[in-house]
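Open the model in your viewer and keep the selection tool handy. We will go from one stop to the next, and at each one you will hear what to pick.

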Amino acid sequence: MATVADVAAYILRDHSPMSAMKLQKLCYFAYGYHLAWEDRQLFPERFEAWANGPVVYELYHQHRGQYRLAAGDIKGDPAVLDLDERESVDAVLDSFKSYTAHELSAMTHRPGPWLDARKRAGMEDDLQRSNEELLDEDIEDFFGALVGRQD
């Protein structure tokens, strides 16, 4: 299985430079759609409900203090992704790469997994800090509904 760093390196290989926030959000959308399409995780690391939307801490740790990221800035191996993983990430990139980081962040703030995690943590506004994890069940239900999957 790929790691979040592998997926991030795959994204940056052909679509850099981009902001760290945009990379985090693209990883989130890729994870969610892959979970809905393939019924399996894209990577094992967990998303947390941070103020600006879902964030994987392990990825944040690699880009902390950097605003713009280029190919090679994240230590991952794009070759680790299998065909289904690459197809999921590519489909998300085709649909979402033209959005800004703030537009992608705003999309995550609508009712769904991020908001559910914020509510579980008792967050009353978007600016409060939280490391509450987004649940795979919530992510799969949300993205499954978007792709019209019937359970």
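Select Phe 142 to begin: at a relative accessible area of 25% this residue is partly exposed (buried is under 20% relative accessible area, exposed over 50% and partly exposed in between, with a 1.4 Å probe and protein chains only). You are looking at a predicted model, where local features need pLDDT of at least 70, side-chain atom pairs count only at pLDDT 80 or more, and totals for chains, interfaces and linings use all residues. Residues are numbered from 1 along each chain as its sequence is written, and side-chain values use heavy atoms, with hydrogens and water left out.

A cavity here is a set of points on a 1 Å grid over the protein atoms alone where a 1.4 Å probe fits but cannot get out, and lining residues have an atom within 4 Å of a point. This largest cavity has a volume of about 40 Å³, the volume being the space filled by probe spheres set on the points, which are joined across faces, edges and corners. Colour its lining by type and you get seven nonpolar residues, two polar and one charged (Ala, Val, Leu, Ile, Met, Phe, Trp, Tyr, Cys and Pro count as nonpolar, Asp, Glu, Lys and Arg as charged, and the others, Gly among them, as polar). Helices α2, α5 and α6 each supply at least two residues of that lining; helices are DSSP runs of H or I with at least four residues, strands runs of E with at least two, numbered from the N terminus.

Next, select α6, residues 113–120, and highlight its buried residues: Pro 113, Trp 114, Ala 117 and Arg 118. Look down the axis of α6: these residues fall within an arc of 135°, so they line one face of the helix (the arc is that of the directions from the helix axis to the C-beta atoms). What do the buried residues of α6 pack against? Show α2 (20–38), β2 (47–50), β3 (53–56), α5 (101–108) and α7 (136–146) to see their partners, where contact means heavy atoms within 4.5 Å. Last, step to Gly 122, which follows α6 and has a positive phi, near 80°.

Key:
1 Å grid on protein atoms, 1.4 Å probe; cavity = no way out; pocket = protein on both sides within 12 Å on 5 of 7 lines; lining within 4 Å.
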